[in-house]
Amino acid sequence: MQRSKGKCTFSKQPPCLTCNGGNPCKDLGIGIFEGDGKKYEIHITSTKALIEQAEIFNRKDMADENKQLLRLYEEIYGTIKSGNIVYGRVERLKKQGDVNE
């Protein structure tokens with residue numbers, strides 16, 4: 001969301017996080033990697049800074065878009081910090097031929 005001009009659909013709504021009817025992609029696995037929590041902390045911090053700057057410069061459109069993105073990041077962060085994974089297809093975690101259900 002750090003664009004200087006123009007509009008970008010992907011910037012407004014990252015496709016991997018919103019292509020599934022506004023939810024994360026069913027093939028995405030957030031929270032599997034131990035660094036995901038830190039990654040979303042950085043996303044949240046930088047998005048808050050962008051909102052603050054957009055409001056200072058009276059860019060309501062940019063502030064509003066980033067607020068929507070911030071809510072999504074905070075929801076994902078809360079999910080993974082509680083020990084859960086944002087993942088639509090758990091069966092994809094299993095190895096091919098794995099007999100353990």
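Okay, let's start with a term: a salt bridge is a side-chain nitrogen of Lys or Arg within 4 Å of a carboxyl oxygen of Asp or Glu. K39 and D36 give us one, with their side chains meeting at 3.6 Å from N to O.

Before going on, a word on what you're looking at. This is a predicted model, where local features need pLDDT of at least 70 and side-chain atom pairs count only at pLDDT 80 or more, while totals for chains, interfaces and linings use all residues. Residues are numbered from 1 along each chain as its sequence is written, and side-chain values use heavy atoms, with hydrogens and water left out.

Now the overall layout. The protein has four helices and two strands. Those are DSSP runs, numbered from the N terminus: helices are H or I with at least four residues, strands are E with at least two. Starting at the N terminus, the order is α-α-β-α-α-β. How much of the protein is buried? Of its 101 residues, 28% are. Buried here means under 20% relative accessible area, exposed means over 50%, and partly exposed is in between, using a 1.4 Å probe and protein chains only. As for the accessible surface, the total is about 7,300 Å², and carbon and sulfur atoms hold 51% of that. Those areas come from the Shrake-Rupley method with a 1.4 Å probe, and for residues only the protein chains shown count as cover.

One more overall number, about contacts, meaning heavy atoms within 4.5 Å. Take the contacts with a separation of 6 or more: 63% of them are between residues 24 or more positions apart.

Back to the salt bridges. How many turn up in the whole structure? The search finds five.

Another bridge joins K38 and E41, with the closest N and O atoms 3.6 Å apart. These two are also three residues apart in helix 3, so about one helical turn lies between them. K38 counts as exposed at 53% relative accessibility, and E41 as partly exposed at 27%.

Then there's D61 with R59, where the closest N and O atoms are 3.3 Å apart. D61 is partly exposed at 33%, and R59 is partly exposed at 32%.

While we're in that part of the chain, look at N58, in the loop between helix 3 and helix 4. Its phi is near 55°, a positive value in a residue that isn't glycine. N58 is exposed, with a relative accessible area of 68%.

On to helix 4, residues 60–81. Helix 4 has 22 residues and spans 31 Å from first C-alpha to last, close to the 32 Å expected at 1.5 Å a residue. That expected span is 1.5 Å times one less than the number of residues. Its buried residues include M62, N66, L70, Y73 and I80. Just after the helix, G83 takes a positive phi of about 95°.

Next, aromatics. A pair of aromatic rings is described by the distance of the centres and the angle of the planes. The search of the whole structure finds one such pair. Rings of Phe, Tyr and Trp (its six-membered ring) pair if their centres lie within 6.5 Å; planes under 30 degrees apart are stacked, over 60 edge-to-face, and the rest tilted. Y40 and Y73 have ring centres 5.8 Å apart and planes at 70°, so they're edge-to-face.

Last stop: T47, in helix 3, which covers residues 36–56. T47 counts as buried, at 4% relative accessibility. What does T47 touch? Not counting residues up to four places away in sequence, T47 touches N66, L70 and Y73. Its side chain also reaches the backbone oxygen of H43 at 2.7 Å. That's a polar contact: a pair of N or O atoms within 3.5 Å where, within protein, one must be able to donate a hydrogen and the other to accept it, and residues adjacent in sequence count only if both atoms are side-chain atoms.
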